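Hi,

Here is the structure I promised to pass on.

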Amino acid sequence: MLIDISSDELGRKLCRMRSIPKFEPYVDPYYPSFLEFLQDPSRSGQYHVSKSAGTRRYLELMTDLLIRRAAKLTNQPDL
């Protein structure tokens with residue numbers, strides 16, 4: 001289940017969680033047990049994130065980043 005939430009709203013919610021010291025540009029949990037919690041659907045419920053879905057999303061974001069970077073570099077004259 002995906003939750004429709006803005007990045008600002010997510011930031012406000014995450015900054016109140018002491019187990020996550022940093023959430024920009026990505027979520028950096030302080031306690032490994034937080035990741036275990038998110039990956040266990042019986043514990044995290046609607047906040048569950050499967051490893052495969054997380055990996056797929058990470059790869060999608062990295063691919064998008066690389067494509068945008070390559071496009072930017074090809075549009076610039078050689079220095």
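Below is what turned up, starting with the overall fold and ending with the salt bridges.

Some housekeeping first: this is a predicted model, in which local features need pLDDT of at least 70 and side-chain atom pairs count only at pLDDT 80 or more, while totals for chains, interfaces and linings use all residues. Residues are numbered from 1 along each chain as its sequence is written, and side-chain values use heavy atoms, with hydrogens and water left out.

**Overall**

The protein has four helices and zero strands, so the pattern along the sequence reads α-α-α-α (helices, H or I with at least four residues, and strands, E with at least two, are DSSP runs numbered from the N terminus). Of its 79 residues, 10% are buried (buried is under 20% relative accessible area, exposed is over 50%, and partly exposed is in between, with a 1.4 Å probe and protein chains only). If you take contacts between residues at least 6 apart in sequence, 8% of them join residues at least 24 apart (a contact means heavy atoms within 4.5 Å).

**Helix 3**

Ser-44 sits in helix 3, residues 41-44. This serine is buried, at 4% relative accessibility. Leaving out residues up to four places away in sequence, Ser-44 touches Phe-37 and Leu-38.

**Helix 4**

Tyr-58, Leu-59, Met-62 and Leu-65 make a nonpolar surface patch with about 390 Å² of accessible area together (patch residues have over 30% relative accessible area and no salt bridge; like charges are joined within 9 Å, nonpolar side chains, meaning Val, Leu, Ile, Met, Phe, Trp or Tyr, within 5 Å). Leu-65 belongs to helix 4, residues 51-75, and is partly exposed at 42%.

There are two salt bridges (a side-chain nitrogen of Lys or Arg within 4 Å of a carboxyl oxygen of Asp or Glu). Arg-57 and Glu-60 form one, at 3.4 Å from N to O. They are three residues apart in helix 4, so about one helical turn separates them. Arg-57 is partly exposed at 47%, and Glu-60 is partly exposed at 41%. Asp-64 pairs with Arg-68 at 3.0 Å, N to O; these two are four residues apart in helix 4, again about one helical turn. Asp-64 is partly exposed, at 37%.

Cheers

Note on methods
Accessible areas come from the Shrake-Rupley method with a 1.4 Å probe; for residues, only the protein chains shown count as cover.
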